[in-house]
Amino acid sequence: MNLIPEQYDKYIRFFKFMAKYWNSDVFAMPDEDAVISDEEKSIEDYEDSPEELVEDLKAMGPTYVKLGQLLSTRPDLLPPHFMKALATLQDDVDEVEYEVVEEIFKEEIGLRISKAFASFDEKPIASASIGQVHKAVMHSGKVVAVKIQRPNIRKRFIEDLDTLMDLSQKAETYSETARDYAVHSVIEELRYVLLKELDYSLEAQNLSVLKENLKEFKHLFIPAPISDYCSSRVLTMEFVQGNKITQVSPLKRIEMDLDPLVDDLVKGYLKQIIVDGFAHADPHPGNVYLTPENKVALMDLGMVAKFSNKMQENILKLMIALSNYDSQRVNEVLLSISEYDENKVDESLFRKSIERKIQESENQKAKDLKTGRILIEINQLAAKQGIHIPVELNILGKILLNMDQIVAFLSPEYDMHNTVKNYVQELMQQRMQDDLKPGNMMELFLEMKELTENLPFRVNKFTENLAENKIKIEVDAIDEQRFTDAFQKVANRITAGLIVAALIIGAAMLVRVPSSWNIGGYPAFAFILFVIAALIGFYLVYQILFKDDFRKNK
C-alpha cells in the first residue's frame with residue numbers, strides 16, 4: 001500500500017489514538033452491573049476520563065468529532081459515562097473570513113451578498129466543523145439565518161472517511177473484538193450520515209417536511225427554508241429568536257405554565273417516530289430553543305432518522321408495553337425484532353433483566369430521567385448478552401433521553417409516562433381508523449374476492465386428493481442422494497485403506513523370504529506389492545485433495 005505523506009500521517013495519528021484507548025473503559029463491552037452502578041462511580045475509577053477522550057477527538061479533526069457524536073447515540077458500544085461526554089462534543093474551530101463566505105455564496109447562489117440581502121452580519125453568530133451561521137435581513141424585511149459551508153471541508157471529510165473505512169475493514173479481518181463491535185458498520189453509518197449532512201439542500205428539504213408534519217402542534221416552530229437562497233453549500237432559513245431551552249430563567253419557569261409546551265414537544269416527537277417515520281434525530285438541548293412567542297423551536301435538521309412502516313408498528317407496540325409497564329410484552333417485541341443465536345443466548349436471563357428494569361421505572365417523574373434511559377439500558381443489556389437490537393431503537397432511546405432532559409428542566413413534576421401512554425393509545429386508534437379508510441378497505445375486499453373465488457376449487461381439489469390418498473408432505477431435511485454417495489465414498493476409502501495396509505504388511509513379510517528374482521536387492525514380488533500400495537495411496541490422496549466435490553458445495 002503506497003501512502004503519500006499526508007495519508008501516512010493520518011494512519012499514524014489513528015494508530016496512536018487506538019493504542020491509547022484500546023485497553024481502556026472505552027472499549028469495555030457494557031455489562032449489567034455497569035448499567036446499574038455506572039453513575040455512582042467517580043471519574044478516578046476509570047483509566048481514561050471521558051473528557052480526555054473528547055479532547056483527543058477534537059485534536060484528531062472534525063471527522064473524528066462527528067464520529068464521537070455518532071458514538072454518543074450507540075449505547076450498545078460505549079459505557080454511559082463516555083456517551084454523556086460525547087453527546088456534548090463540539091469542534092473548536094476558527095471563523096471563516098467574510099471574503100471567503102462572500103465568494104462561496106456568489107459561487108453557489110449566483111448573486112452577491114449585497115444584492116441578495118438588505119444587510120448581512122459579517123461576524124458569524126455560530127461556528128461549527130462543517131459550516132458557520134450569519135444573521136441577515138432580506139429586502140422584504142424578513143430576518144434570516146444563512147449557513148455557509150466551510151471551504152474544502154467535503155474533501156477533508158471524504159479523505160478521513162476513506163482512511164477510516166480502509167482501517168475498519170482491515171481491523172475486522174484481523175481482530176475478533178473489531179468484529180464483535182461491527183466497527184466497519186459503524187464507520188459506514190458515519191459515512192452515510194456525514195455525506196447527507198454535507199448536502200445543505202437535503203437539510204432544507206428536511207426543514208420543509210418536518211414543518212409540514214408538525215403543523216398541528218401550535219407550540220412547536222420549525223424554521224422554513226428560503227428556497228431561492230439554498231444550495232448544497234448554502235442554507236438560508238427563518239431566523240429563530242430566543243434562547244436555548246436549558247437557558248430559560250427560573251422565574252419564567254415559575255410564572256409560566258410550560259406543560260402545554262412540553263405536551264406538544266413530547267407528542268410531536270412521538271408523531272415523528274410512530275406516524276411519520278421521519279424524525280429530528282439530534283434534539284439535544286443545544287438544538288431546541290424557546291422563542292419570545294413561547295414556542296419550542298427545533299434546530300439543525302442535518303441529521304434525521306427514518307423508520308420503516310414495520311419498525312413504526314413495532315415501536316408503537318413497544319411504547320404501549322413500556323407505558324403499561326408490561327415486561328412480558330416488552331420482551332416479546334424486543335426478541336421478535338432482534339437478531340441473536342438461540343443456542344448462545346440465555347433468553348430467560350434477558351427476560352428477567354428486562355422485567356427488573358421495567359419494575360424500576362414505575363411511578364417515576366420526569367426529574368428522575370427514566371423514560372429514555374430505560375431504552376438505553378435495555379440496549380446495553382442486549383449487547384452484553386449477544387442480542388442485536390435494531391439500530392432504530394438506539395436512535396429512539398437517544399431521542400427520548402434528550403426529551404427526558406428537556407422535560408425535566410422545564411417541568412420536573414411532569415408525568416412523562418402518562419403522556420406517552422395516552423398519546424400512543426390515541427395513535428393506535430388513529431392507525432386502526434386509517435386501516436378502515438376506503439382505499440385500504442377496497443384492497444382488503446379485492447383480496448377477499450380472490451380468496452372467495454378460488455376457495456371452492458381449492459377445497460374440492462384438496463378433499464379429492466385426500467380421498468384418493470394423494471396428499472404428500474415434503475420435508476426439506478437432508479439430501480438423501482448426496483448423503484448416500486458420501487457414505488459410499490467413505491466406505492470405499494476405508495476399504496481401499498485396508499487393502500493398502502494389507503499390501504504393505506504382506507510386502508514387508510515377503511521381504512524376509514529369499515527369492516532368486518530381485519529388484520534393487522529386494523524380492524521382486526515384495527517390491528511389486530510396495531509399488532502397488534504406493535500407487536493406490538497416491539491415487540487416494542489425489543482424489544481427496546483435488547477431486548472431492550464437497551469443498552465446492554460448502
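**Exercise 1. Aromatic rings**

Task: Work out how many aromatic pairs the structure holds, and describe how the rings of F105 and F117 are arranged.

- Step 1. Five aromatic pairs are found in the structure, which is a predicted model.
- Step 2. For F105 and F117, the ring centres lie 5.6 Å apart and the planes make an angle of 55°.
- Step 3. Planes under 30 degrees apart would count as stacked and those over 60 as edge-to-face. The F105–F117 pair is tilted.
- Step 4. Now place the two residues: F105 belongs to helix α6 (residues 98–109) and F117 to strand β1 (residues 117–120), so their pairing ties together parts that are 12 residues apart in sequence.
- Step 5. F105 and F117 are both buried.

**Exercise 2. Lysines over rings**

Task: Which rings have K135 and K147 over them?

Solution. 

- Step 1. Start with K135: its charged end sits over the ring of F239, 4.8 Å from the ring centre.
- Step 2. Turn to K147, which lies over the face of Y200 at 5.0 Å from the centre of that ring.

**Exercise 3. A sheet and its edges**

Task: Give the strand order of the open four-stranded sheet, then identify its edge strands.

Solution. 

- Step 1. Reading across the sheet, the order is β5-β10-β9-β7, and the pairing is mixed.
- Step 2. The edges are β5 (220–221) and β7 (243–244), each of which pairs on one side only.

**Exercise 4. Two packed helices**

Task: Describe how α14 and α18 pack, and state the handedness of their crossing.

Solution. 

- Step 1. Helix α14 (residues 309–323) packs with helix α18 (residues 391–410) at an angle of about 50°, and their axes are 11 Å apart.
- Step 2. The two helices α14 and α18 are therefore oblique to each other.
- Step 3. To finish, the crossing of α14 and α18 is right-handed.

Terms used. Residues are numbered from 1 along each chain as its sequence is written. This is a predicted model: local features need pLDDT of at least 70, side-chain atom pairs count only at pLDDT 80 or more; totals for chains, interfaces and linings use all residues. Side-chain values use heavy atoms; hydrogens and water are left out. Two strands pair if DSSP finds at least two bridges between them. Rings of Phe, Tyr and Trp (its six-membered ring) pair if their centres lie within 6.5 Å; planes under 30 degrees apart count as stacked, over 60 as edge-to-face and the rest as tilted. Buried means under 20% relative accessible area, exposed over 50%, partly exposed in between (1.4 Å probe, protein chains only). A charge sits over a ring if NZ of Lys or CZ of Arg is within 6 Å of the ring centre and within 35 degrees of the ring normal. Axes are lines fitted to C-alpha atoms, for helices over the stretch in contact, and angles run from 0 to 180 degrees between N-to-C directions. Angles under 35 degrees count as roughly parallel, over 145 as roughly antiparallel, 65 to 115 as roughly perpendicular and the rest as oblique. A crossing is left-handed if the near helix is turned anticlockwise from the far one by less than a right angle, and right-handed if clockwise.
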